[in-house]
Amino acid sequence: MILMSSVLHGCTAVPAAPPPLAFNETAFAGLLESAGEGRRLDHVLNGANGGELRFSHCAQVASTDAAAVREDQYPLFQLLRANCQALARYGAGQPARRSHLPETLTPALVRELPASALPVVGGQATSPAGARVEDAPGMSIEALPGGRVRVLTGTDDSVYTLMAQGDFDGDGVQDMLLRLDWRTRDAFGRGVDLLQITRRSAGGATELNWRLSAAP
């Protein structure tokens, strides 16, 4: 199910009923329709040995070691891996029975995410307990086309994209899967991650309850 533009651009008020289980296909470049065979891909990356790596299914992505990808293609491999993980979690998810999140990804929602939702860079200091994205030094935030949100801090340039929404951990409460694309502002570091956020009660804190880069 596609997250239509009305879902991604609507108001930020918490809906009276949870949104349906939905996946943002437009944010997954190279994702094809294939009735009866599962979702197919059309992706080609350069291999570290000089050959090509062709991906027609996400299972191939999961079984490919990062060392097999040419170094300059690694960010694209990270992006493909995060998109496939989002699709897998969506496929295993179910409609939520209740929601305390807005229907859209908005700057207001991203502001109140815990600071742990910011990029994790090697050697980065741990944020203080209770810190939020809005507390990051030099933070500025803006809405981008396509239901994305950009966050600038003193160190990083990050874009959050809503990939899917539904209940992805079985507790009945609405979750959102956000892809995080980031780069360091004064160096060459960059990366992609996938975050799962939720809010368990009306007026409660927005939580980060799963992260691809921290998964086993």
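Predicted model: local features only at pLDDT ≥ 70, side-chain atom pairs only at ≥ 80, totals over all residues.

**Exercise 1.** Find the disulfide and work out which parts of the chain it ties together.

*Solution.* 
- Step 1: Start with the count, which comes to one disulfide.
- Step 2: Identify the partners: Cys58 is joined to Cys84, with an S to S distance of 2.1 Å.
- Step 3: Cys58 lies in helix 2 (residues 58-62) and Cys84 in helix 3, so the pair ties together parts that are 26 residues apart in sequence.
- Step 4: Check the handedness. The torsion about the S-S bond of Cys58 and Cys84 is about -80°, so this disulfide is left-handed.

**Exercise 2.** Decide whether Thr206 is buried or exposed, and find its polar partner.

*Solution.* 
- Step 1: Locate Thr206 in strand 11 (residues 206-211).
- Step 2: Buried means under 20% relative accessible area. Thr206 has 2% relative accessibility, so Thr206 counts as buried.
- Step 3: Look at the side chains: Thr206 and Glu112 are joined by a polar contact of 2.6 Å.
- Step 4: List some neighbours. Residues that Thr206 touches include Leu101, Pro114, Arg132 and Ile197.

**Exercise 3.** Describe the largest nonpolar core and say which element gives the most to this core.

*Solution.* 
- Step 1: The largest nonpolar core has 26 residues, and Leu41 and Phe55 are among those with the most contacts inside it.
- Step 2: Elements giving two or more residues to this core include strand 5 (52-55) and helix 3 (74-92).
- Step 3: Helix 3 gives the most, with seven residues.
- Step 4: Apart from this core lies another, of 23 residues, including Tyr160 and Trp182.

Technical notes. Residues numbered from 1 in each chain as written. Heavy atoms only, no water. Helix = DSSP H or I, 4+ residues; strand = E, 2+ residues; numbered from the N terminus. Buried < 20%, exposed > 50% of the residue type's maximum accessible area, 1.4 Å probe, protein only. Polar contact = N/O pair within 3.5 Å; in protein donor to acceptor, adjacent residues only side chain to side chain. Contact = heavy atoms within 4.5 Å. Core = buried A, V, L, I, M, F, W, Y, C linked by side-chain atoms within 4.5 Å. Disulfide = S-S within 2.5 Å. Lists of a residue's contacts leave out its neighbours within four places in sequence.
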